[in-house]
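Please read them with the structure open.

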Amino acid sequence: MKRSPMPRRRATPRRKPAVTCRFQRCSKRPAIEGMCQSHALRTADDLFSKMIRARDGRCVAREFFPDITCWGGLQAMHLVRRRYGPRFDPINAASGCVAHHHFLTVNPDEHFEFCERWLGTDAYAELRARRHDSWPPLGEVIERLKEAA
């Protein structure tokens with residue numbers, strides 16, 4: 001059988017490239033503002049951390065633990081762990097240096113005492129009671145944090 005000089009067409013057409021996350025080398029499908037779920041969560045965390053550090057502007061744990069020397073940059077310290085409901089609530093965070101953040105992370109009794117003294121006993125108990133609430137939608141969180149910046 002004689003072949004034509006024209007190239008043959010593919011038996012199955014090539015798939016069109018799917019829309020992907022706007023972060024480089026991420027092939028996941030976008031869910032929120034052109035980002036996949038994990039990159040949207042990282043963006044929200046970064047915006048939240050910047051907002052808390054700008055709000056406090058200093059290591060607030062220094063007042064409660066003066067015998068620990070401050071060192072390192074400021075970080076946003078969550079009072080109730082990040083995996084729980086009030087993750088993006090400004091009441092649930094304070095800025096602290098690396099030394100105080102590490103100290104409070106590895107010493108749960110001092111962490112509890114710091115939180116009660118920082119917020120007050122009733123406010124901290126209310127915050128802990130809300131830890132099983134669900135997160136608000138990440139799109140709303142990112143918009144709110146961008147407006148606050």
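**Notes on helix packing and selected residues**

1. The crossing between α3 and α4 is right-handed. This is a predicted model, and the points below should be read as describing that model.

2. Helix α3 covers residues 108-119 and helix α4 covers residues 121-129; their axes cross at roughly 115° and come within 6 Å. On the α3 side the meeting residues are H111, F112, C115, E116 and L119, and on the α4 side they are T121, A123, Y124, L127 and R128. Sorted by class, this contact holds six nonpolar, two polar and two charged residues.

3. Helix α3 also packs against α2. The axes of these two helices cross at roughly 110° and come within 5 Å. An angle from 65 to 115 degrees counts as roughly perpendicular, and α2 and α3 are therefore described as roughly perpendicular to each other. From α2, the residues F103, L104 and V106 meet P108, E110, H111 and F114 of α3. The contact of α2 with α3 divides into five nonpolar residues, one polar and one charged.

4. The pairing of α1 with α5 joins helices from separate parts of the sequence, residues 37-56 for α1 and residues 138-148 for α5. Their axes lie 9 Å apart, and the packing angle is about 30°. Because angles under 35 degrees count as roughly parallel, α1 is roughly parallel to α5. The crossing of α1 past α5 is left-handed. Helix α1 contributes Q37, A40, L41, A44, L47, F48 and M51 to the contact, while α5 contributes L138, V141, I142, L145, K146 and A148. By class, the contact of α1 with α5 comprises 11 nonpolar residues, one polar and one charged.

5. Is H100 buried or exposed? H100 belongs to helix α2, which spans residues 98-106. Its relative accessibility is 0%, so H100 counts as buried. A polar atom of the H100 side chain lies 3.1 Å from the backbone oxygen of F65. With neighbours within four places in sequence left aside, the residues in contact with H100 are C59, A61, R62, F65, I68, C70 and M77.

6. R22 is located in the segment before α1. With a relative accessible area of 53%, R22 is exposed. Apart from neighbours within four places in sequence, R22 is in contact with E33, G34 and M35. The C-alpha atoms of R22 and C36 are 8.1 Å apart, and the two residues are separated by 14 residues along the chain.

7. P136 sits in the loop between α4 and α5. A relative accessible area of 36% makes P136 partly exposed. How far apart in space are P136 and W71, C-alpha to C-alpha? The distance is 34 Å, for a sequence separation of 65 residues.

Note on methods
Residues are numbered from 1 along each chain as its sequence is written. This is a predicted model: local features need pLDDT of at least 70, side-chain atom pairs count only at pLDDT 80 or more; totals for chains, interfaces and linings use all residues. Side-chain values use heavy atoms; hydrogens and water are left out. Axes are lines fitted to C-alpha atoms, for helices over the stretch in contact, and angles run from 0 to 180 degrees between N-to-C directions. Helices (H or I, at least four residues) and strands (E, at least two) are DSSP runs, numbered from the N terminus. Angles under 35 degrees count as roughly parallel, over 145 as roughly antiparallel, 65 to 115 as roughly perpendicular and the rest as oblique. A crossing is left-handed if the near helix is turned anticlockwise from the far one by less than a right angle, and right-handed if clockwise. Contact means heavy atoms within 4.5 Å. Ala, Val, Leu, Ile, Met, Phe, Trp, Tyr, Cys and Pro count as nonpolar, Asp, Glu, Lys and Arg as charged, and the others, Gly among them, as polar. Buried means under 20% relative accessible area, exposed over 50%, partly exposed in between (1.4 Å probe, protein chains only). A polar contact is a pair of N or O atoms within 3.5 Å; within protein, one must be able to donate a hydrogen and the other to accept it, and residues adjacent in sequence count only if both atoms are side-chain atoms.
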